[in-house]
Amino acid sequence: AALQGAKRESAAAFGDDRVLLEKYLEQPRHVEIQVFADTQGNCVHLFERDCSIQRRHQKVVEEAPAPGLSEELRASMGAAAVKATQAIGYVGAGTVEFLLDADGSFYFMEMNTRLQVEHPVTEMITGQDLVAWQLRVAAGEPLPCRQEELTISGHAIEVRIYAEDPAKSFLPSIGPLRHLRQPQENAHVRIDTGVRQGDEVSMHYDPMIAKLIIWDHDRNRAVRRLQQTLADFQVVGVSANIGFLAAVASHPAFAAAQVDTGFIERHRNELFPETGAASDRILALACLDVLLSRCREAATTACASNDPYSPWHGTDGWQLNSDNYHRLDFVDDGEAVQVTAHFRANGYLLELPGGALLVSGCVDEDGDLCADLDGSRCRATVVRHGQDLTIFSNGRSHLLTVEDPALLGAEQEEAIGRLTAPMPGKVVSVMVVAGDCVEQGAPLVVLEAMKMEHTITAPVAGTVANLFYAVGDIVSEGVELISFEAEEKVE
């Protein structure tokens, strides 16, 4: 199945489905050399980048210089890259990519004859503008620097912010960017992006939202700054890999520069923690946002009425001869959660799953929630879309749905036996026909979207009742691909 998938991708991309077998390295690093050549025969390298942390063999974290490389190895890899570039008479910006073994041996993998996504980390440590270099070389000018004039200053790390769900094998996510807040740029922080809040992430292009590039005087400080900056990146509307990147940046193995191409799989348990139920802190912030929102709505209604001072506009829950309280209902990952809010002169006393908490606060001019949780002050961002609330706090996000209990039973469960498309894409392979009996986990259909393949498998043992699409068909997210009859269990 893997061979067939590789042949399909190769044929689609290059018109050639031949597959080459190469030497297997058990724990390789992906280290590439930035090269530049002009029309006058000059060629230099601008040092290396480590791009070992990858998912689906695509880079998600890149850094320069590569940690742990000796000056001798750096010079040797650089010289090999320059020699390869000169051997083909190349002109312009390029990247010679190598696999680096644990014993210091390195092996040529490929050359990318262009400026790559991760070129900003090279610019940050060398102080050179590689796009300007390209224009100069294209105009016939010589390279701006000789090899001996190029030096390394500090350390830079780039992470790619993708619209994808790491918990679902990095499945691409499409939809509108309902909320997009990026960190402030400065001498240490650079953001390259081509989207704005309100733009649509579609199935037709790579799902990258932005590149976040960090620079500092050494790697330890760059890693700490990366952790802090990722906490300020907010995306709502599509799934994003920010939490995953934060987990990578905070992992002890990453801090110790113990990176190779197997990093994600080896540390899967730590990098993909279970989401878990919303904490009392998150629930308290959600309740406070809802209650303050109702106060603002009531104030607006009062101002527009003929009697703005009518007690009917009050939101303090006043009741005759009874405690004034309000119940708030949420759905958290399919589970119902109820919080009782008692109105107090100095805020709200919340009955949370973990106990009572006195909260108060306001919304500032930036739309952020400034909260006091039992004397502990904090700042959070709550983004509302319909009944959904996305709460950003302490660099993490959590999704809650404000729910009316009367409507909980009205939701329709997904029909059993319907296998649907998890994303829009193209059907590239169908492995079964109607009437086939299959075992649990058997591959049925392969979809391709955004340069990746996703296999639909049988959820249980059963029979394929009907197929609704064929190879080459374009399908939308959520459409039924196969009707499936589960095997009846014999008691």
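How many aromatic pairs does the structure hold? The model is a predicted one, in which local features require pLDDT of at least 70 and side-chain atom pairs count only at pLDDT 80 or more, while totals for chains, interfaces and linings use all residues. Residues are numbered from 1 along each chain as its sequence is written, and side-chain values use heavy atoms, with hydrogens and water left out.

Six aromatic pairs are present, where rings of Phe, Tyr and Trp (its six-membered ring) pair if their centres lie within 6.5 Å, and planes under 30 degrees apart count as stacked, over 60 as edge-to-face and the rest as tilted. The ring centres of Phe36 and Trp133 are 5.2 Å apart and the planes meet at 65°, so this pair is edge-to-face. Phe343 is buried at a relative accessible area of 10%, and Tyr348 is buried at 9%.

One aromatic cluster comprises Phe170, Phe244 and Phe272. Over the face of Phe272 lies Arg268, at 4.6 Å from the ring centre; the criterion places NZ of Lys or CZ of Arg within 6 Å of the ring centre and within 35 degrees of the ring normal. Arg219 lies over the face of Phe254, at 4.7 Å from the ring centre.

An open sheet is formed by four strands in the order 25-32-30-27, with antiparallel pairing; two strands pair if DSSP finds at least two bridges between them. Strand 25 (418-420) and strand 27 (437-438) stand at the edges with a single partner strand each, so one side of each has no neighbour in the sheet. Five bridges join strand 30 (residues 462-467) to strand 32 (residues 480-486) in the antiparallel sense. Val464 stands opposite Phe484 in strand 32.

Definitions and conventions
Buried < 20%, exposed > 50% of the residue type's maximum accessible area, 1.4 Å probe, protein only. Helix = DSSP H or I, 4+ residues; strand = E, 2+ residues; numbered from the N terminus.
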